[in-house]
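Colleague: I have a new structure to look through with you. Can we go over it together?
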Amino acid sequence: MESARKFAEQFTISLDSETDFDGWRKVARSLALAGAPSSAVTFLTPSAASQSLFTETSSPLPQPAGDTTFNVSKIFVEKAQTASHHSDPDRYYFLYHLLVRVLDEPNLLKIASDSDIRRLEAMVKSVRRDAHKMHAFVRFRKVGEAGASDDEARYVAWFEPDHFIVEREAGFFMRRFAQMNWSILTPKGSIHWNRQTLTVGPPAKRSDAPADDATEELWRTYFSNIFNPARLKVKAMQSEMPKKYWKNMPEAALIPDLIAGAENRAKAMVAAMPTAPPPTHAAIRDRHWKGAEMGNSGDTRPPPANDLETLRKQAETCRLCPLHEPATQTVFGEGPADAPLVFVGEQPGDKEDISGQPFIGPAGQLFDATLQDAGIDRSTVYVTNAVKHFKFQPRGKFRLHQKPNGDEVQTCRWWLGQELRLIDPDLTVALGATAAQSLLGRSVAVTKERGRVIESDEGRRIFITVHPSFLLRIPDERRKADERARFRDDMIAVRELMAT
């Protein structure tokens, strides 16, 4: 009865900003320690407070009923912090409600069917997707004098996020555009960078952003030239590039005409294709030897590409080693062209060879689940393999994986090097010994080097860990669970390295 009287009063907490997770966390700890139910608590962000009809003051926070501390999992804290950037006006109340439940049910986060957990995961996914869209669709425009030097020039972008992600994603743009003076204006807040200091500002209006600049015509020319009508999938394109972003992207004005003319352009491309079959590996090898006898290298590799799409097309016709002959197709890398994080596996498997996409088989599904648990958005990273063709041994109706040999890895290393040159990631993760060998140019004992960041000869940061297929092959269930947890810890370490 005494407890019931104690919480008959309501606690209204005003947070300092829309993303004041630290403030919420401090108050939520005090309330939870005192045993305050979620029904007794209201959290007001600045936007909610301005619309509130009530101005009553809150009662002082209650004192803890017993223990003065408690622990919740790191994963809960990470997911809650991500969800705090969601635009749902009730998000902080929901997070406190979930905290109270987690304290009573420590395994709640593992119950995927629970309605609150589904809501949390949906909020986290939506925030991460919004962040991915911001990375992809922010377009800077130069302001000031046309002939201004790099020190004087300033670039301004207008973006309309769904959630309060602007300050959260500032680090990405600070790393990518470190030598520019820039501002990103949004209706949910603004950020400004002067090549040394980040400043957070208030919400802005579209009229605060500049109109088109001279560089946008060059961007439209580039976009129209890389547009591939043979690969056009309108629904998939609009899913990845929703129309709401088009009005702020200079290339978007070209999209309707490019779509309308795609069929005729694709037919023209087919008509222009050579009718002779591609050369066999033996013919290429003979050409290489003949070139060497004539005093030149005889190298049959194509000239370096200027973008990933061109490189992908070049790789589709690769005949530099025998692996292309039994394989269904080349399986190229996949992900954003400016991804700060790249994962490299060994080679495509059976499902990848059939679909043409990397990491979609059993190992890929485990990889996706582990990334999600570690707080890494798969859509923001680039995934590829050291070897681009599936090497296998037929066994009845099945095709059994075979490890590529040193010559095959070395031959295909050129393609991986070109991918990394174009993407220029902040960190590259080697999944297994073959990937590490390809990235570092030497044999690597994964058990000894695991968890380390090694600098390659090209100056790239390489993080070493196991391939997820290794986890699938462990017969002992207890050891398998331990190794999966360790792999997840490796992914958390990767995420933390990206934050530094």
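Colleague: At the start of α20, which side-chain oxygen reaches the backbone nitrogen of arginine 478?
Modeller: One from aspartate 476. That oxygen comes to within 3.2 Å of the nitrogen. Bear in mind that this is a predicted model.

Colleague: What span should helix α20 have, and how far apart are its end C-alpha atoms?
Modeller: Helix α20 covers residues 477-498, which is 22 residues. At 1.5 Å a residue they should span 32 Å. The end C-alpha atoms are 32 Å apart, so the two agree.

Colleague: Which residues of α20 are buried?
Modeller: Lys480, Glu483, Phe487, Asp490, Met491, Ile492, Val494 and Met498.

Colleague: Let me step back. How many helices and strands does the protein have?
Modeller: The secondary structure comes to 20 helices and 14 strands. The protein has 500 residues, and 45% of them count as buried.

Colleague: And the accessible surface, what does that come to?
Modeller: About 26500 Å². Carbon and sulfur atoms account for 52% of that surface.

Colleague: What about contacts between residues at least 6 apart in sequence: what share join residues at least 24 apart?
Modeller: That share is 72%.

Colleague: Now glutamate 352. Where does it lie?
Modeller: In helix α14, residues 350-355. Glutamate 352 is buried, yet has no salt bridge.

Colleague: Which side chain of opposite charge is nearest to glutamate 352?
Modeller: Arginine 378, at 8.2 Å. A salt bridge needs the atoms within 4 Å.

Colleague: Then which backbone nitrogen does the side chain of glutamate 352 reach?
Modeller: The nitrogen of glycine 349, at 3.0 Å. The backbone nitrogen of isoleucine 360 also lies 3.1 Å from a polar atom of that side chain.

Colleague: What else does glutamate 352 touch?
Modeller: Leaving out residues up to four places away in sequence, glutamate 352 touches Val331, Gln357, Pro358, Phe359, Ile360 and Gly361.

Colleague: Stay with phenylalanine 359. Is it buried or exposed?
Modeller: Phenylalanine 359 is buried, because its relative accessible area is 5%, under the 20% cut-off. This residue sits in the loop between α14 and α15 (362-374).

Colleague: And what is the phi of phenylalanine 359?
Modeller: Near 55°, a positive value in a residue other than glycine. Most residues other than glycine have a negative phi.

Colleague: Which loop holds arginine 195?
Modeller: The one between β6 (189-193) and β7 (198-201). Arginine 195 is not a glycine, but has a positive phi of about 75°. Its relative accessible area is 28%, so arginine 195 is partly exposed.

Colleague: New topic: aspartate 88. Where is it found?
Modeller: In the loop between α4 (74-83) and α5 (91-104). Aspartate 88 is buried, with a relative accessible area of 19%. Its side chain reaches the backbone nitrogen of aspartate 90 at 2.9 Å.

Colleague: What does aspartate 88 touch?
Modeller: Arg119 and Met123, not counting residues up to four places away in sequence. The C-alpha atoms of aspartate 88 and phenylalanine 164 are separated by 10.0 Å. Along the chain these two are 76 residues apart.

Colleague: Last one, α2. Which of its residues are buried?
Modeller: Phe21, Trp24, Val27, Ala28, Leu31, Ala32 and Leu33. Their cover includes β1 (11-14), β2 (41-44), α4 and α5.

Colleague: And which glycine follows α2?
Modeller: Glycine 35, with a positive phi near 80°.

Terms used. Residues are numbered from 1 along each chain as its sequence is written. This is a predicted model: local features need pLDDT of at least 70, side-chain atom pairs count only at pLDDT 80 or more; totals for chains, interfaces and linings use all residues. Side-chain values use heavy atoms; hydrogens and water are left out. Helices (H or I, at least four residues) and strands (E, at least two) are DSSP runs, numbered from the N terminus. Buried means under 20% relative accessible area, exposed over 50%, partly exposed in between (1.4 Å probe, protein chains only). Lys and Arg count as positive and Asp and Glu as negative; His and the chain ends are not counted. A polar contact is a pair of N or O atoms within 3.5 Å; within protein, one must be able to donate a hydrogen and the other to accept it, and residues adjacent in sequence count only if both atoms are side-chain atoms. Contact means heavy atoms within 4.5 Å. Accessible areas come from the Shrake-Rupley method with a 1.4 Å probe; for residues, only the protein chains shown count as cover. The expected span of a helix is 1.5 Å times one less than its number of residues.
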